[in-house]
Every structure is written in C-alpha cells, then in structure tokens.
Amino acid sequence: MASFISVDESSDEELLVRMARLDASREQVERAVRDHVRALRKRKISWERIGRALGVSRQTAWERFADER
C-alpha cells in the first residue's frame with residue numbers, strides 16, 4: 001500500500017512536482033470527458049441524460065460541451 005506524505009510534510013520541490021502532475025491529470029480527465037460527451041452525442045444521447053450522469057442540469061451540460069458537436 002502506498003503511503004501519502006501530507007502537504008505540510010512535503011518540501012517545496014515535492015509540492016511543485018505534485019502540483020504539476022495533478023494539473024496534467026486534470027487536463028487529461030477533462031479531455032476524456034469531452035471525448036465521451038462527443039461519442040454520446042453522436043449516438044443521439046440527450047443533453048438531459050448526459051447532464052444527469054454528470055450530476056448537473058441539461059442546460060449546464062449543454063453550456064459546458066455544446067462546442068463538442
């Protein structure tokens with residue numbers, strides 16, 4: 001099992017490296033979500049269902065991903 005070092009116990013350099021990795025991961029996840037939305041819309045899945053799966057309204061899903069057509 002991996003042990004985690006708390007933020008307070010980390011050196012400045014460790015925090016900078018982890019911050020950069022986390023940011024890169026966030027970008028990869030966002031790209032993957034957008035790819036899924038694009039595939040679902042090609043399958044004619046409604047904004048209502050996409051929004052519900054993401055825990056947001058249909059309108060919020062549309063506003064976030066409408067350019068993914």
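Close-up 1. E30 is partly exposed, with a relative accessible area of 25% (buried means under 20% relative accessible area, exposed over 50%, and partly exposed in between, with a 1.4 Å probe and protein chains only). The model is predicted, so local features need pLDDT of at least 70 and side-chain atom pairs count only at pLDDT 80 or more, while totals for chains, interfaces and linings use all residues. Residues are numbered from 1 along each chain as its sequence is written, and side-chain values use heavy atoms, with hydrogens and water left out. E30 forms a salt bridge with R64, and their closest N and O atoms are 2.7 Å apart (a salt bridge is a side-chain nitrogen of Lys or Arg within 4 Å of a carboxyl oxygen of Asp or Glu). Because E30 lies in helix α1 and R64 in helix α3, this pair ties together parts that are 34 residues apart in sequence. R64 is partly exposed, at 38% relative accessible area. E30 also forms a salt bridge with R34, with 3.3 Å between the closest N and O atoms. Both E30 and R34 lie in α1, four residues apart, or about one turn of the helix. R34 has a relative accessible area of 22% and is partly exposed.

**Close-up 2. The salt bridge between D35 and R38.** The closest N and O atoms of D35 and R38 are 2.9 Å apart. The two residues are three residues apart in α1, about one helical turn. D35 is partly exposed at 40% relative accessibility, and R38 is partly exposed at 30%. Elsewhere, salt bridges that share partners join E30, R34, R64 and D67 into one network. The count of salt bridges comes to six.

Close-up 3. Helix α1 covers residues 12–42 (helices are DSSP runs of H or I with at least four residues, and strands are runs of E with at least two, numbered from the N terminus). The 31 residues of α1 reach 45 Å from the first C-alpha to the last, close to the 45 Å expected at 1.5 Å a residue (the expected span is 1.5 Å times one less than the number of residues). K44 follows α1 and has a positive phi, near 65 degrees.

Close-up 4. In α2 (residues 47–54), the buried residues are W47, I50 and G51. Seen down the axis of α2, these buried residues fall within an arc of 95 degrees, so they line one face of the helix (the arc is that of the directions from the helix axis to the C-beta atoms). The face turned away from the buried side carries the exposed residues R49, R52 and A53. Just after α2, G55 has a positive phi of about 80 degrees.
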